[in-house]
Amino acid sequence: MGICLDVSHNRTIYRAVESGRTEGLIHPIDVNILRQWSLWNDTMLLDHGDLVHLNDGDGEHNDKEGKVFRESLTLGEGDISELEQIVGKLNLRKIPFVLEINEEPPYVPRKNTLASIEYLSRIKS
């Protein structure tokens with residue numbers, strides 16, 4: 001049994017740590033540990049049996065300011081700068097991923113998922 005890494009969720013946690021706005025979101029003990037890591041490190045630690053929810057994201061979560069991050073964005077439309085490298089590493093290491101892309105409304109032709117598949121087809125492994 002492995003783990004499932006959600007790229008967008010981990011991205012949001014690391015952005016909160018970078019900004020110093022972790023109150024009510026991340027336990028203080030974890031903040032010091034997360035300062036030493038990154039989304040790239042999380043990806044590098046994946047192994048056979050693990051799975052990735054592949055998506056993009058942007059924005060910041062901050063309860064005090066009413067900010068809410070956007071998750072499960074079409075690949076390439078968020079602010080995960082290392083997304084292409086992450087996909088390349090997943091492909092190279094044969095770590096499976098599933099696209100977790102928001103569609104509005106659900107259960108219609110999935111233009112965002114199609115755009116994400118097109119993004120993936122441009123990445124050279």
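Contact here means heavy atoms within 4.5 Å. The views below all come from a predicted model.

**View 1. Val7 and its contacts.**
Val7 touches Leu39, Val52, His53, Leu54, Asn55, Ile80 and Leu83, leaving aside residues up to four places away in sequence. Val7 is also one of the buried residues of α1. Within the largest nonpolar core, Val7 is among the residues that touch the most other members.

**View 2. The largest nonpolar core.**
This core holds 23 residues. Val7, Val52, Leu54, Leu75 and Leu83 touch the most other members. At least two core residues come from each of α1 (7–19), α2 (28–34), β2 (51–54), α4 (83–93) and α5 (111–121). In soluble globular proteins, nonpolar side chains tend to be buried together.

**View 3. Helix α1 from end to end.**
The helix has 13 residues. From first C-alpha to last, α1 reaches 18 Å, close to the 18 Å expected at 1.5 Å a residue. Its buried residues are Val7, Ser8, Arg11, Thr12, Tyr14, Ala16 and Val17. At the start of α1, Asp6 brings a side-chain oxygen to within 3.2 Å of the backbone nitrogen of Ser8. Just after the helix comes Gly20, with a positive phi of about 80°.

**View 4. The open sheet.**
The order of its 3 strands is β1-β2-β5, and the pairing is parallel. β1 (4–6) and β5 (97–99) stand at the edges. Each edge strand has a single partner, so one of its sides is left without a neighbour in the sheet. From one strand to the next, the twist averages 20°. Strands of a sheet pair through backbone hydrogen bonds, either parallel or antiparallel.

β2 and β5 pair in the parallel sense over 3 bridges. Val52 stands opposite Phe97 in β5. Val52 also belongs to the largest nonpolar core. Helix α5 lies across β2 and β5. It runs at about 140° to β5.

**View 5. Asn112 and Ser116 on α5.**
Both residues lie in helix α5. Asn112 has 18% relative accessibility. Buried means under 20%, so Asn112 counts as buried. Ser116 is buried too, with a relative accessible area of 0%. Leaving aside residues up to four places away in sequence, Asn112 touches Thr74, Ile101, Asn102 and Glu103.

**View 6. Positive phi at Ser72 and Lys94.**
Most residues other than glycine have a negative phi, and most peptide bonds are trans. Ser72 has a positive phi, near 60°. Lys94 also has a positive phi, near 60°. Ser72 is found in strand β4 (residues 70–73). Ser72 is buried, at 6% relative accessible area. Lys94 is found in the loop between α4 and β5. Exposed means over 50%, so Lys94, at 65% relative accessibility, counts as exposed.

Definitions and conventions: Residues numbered from 1 in each chain as written. Predicted model: local features only at pLDDT ≥ 70, side-chain atom pairs only at ≥ 80, totals over all residues. Heavy atoms only, no water. Core = buried A, V, L, I, M, F, W, Y, C linked by side-chain atoms within 4.5 Å. Buried < 20%, exposed > 50% of the residue type's maximum accessible area, 1.4 Å probe, protein only. Helix = DSSP H or I, 4+ residues; strand = E, 2+ residues; numbered from the N terminus. Expected span 1.5 Å × (residues − 1). Polar contact = N/O pair within 3.5 Å; in protein donor to acceptor, adjacent residues only side chain to side chain. Pairing = 2+ DSSP bridges. Axes fitted to C-alpha atoms, helices over the stretch in contact; angles between N-to-C directions.
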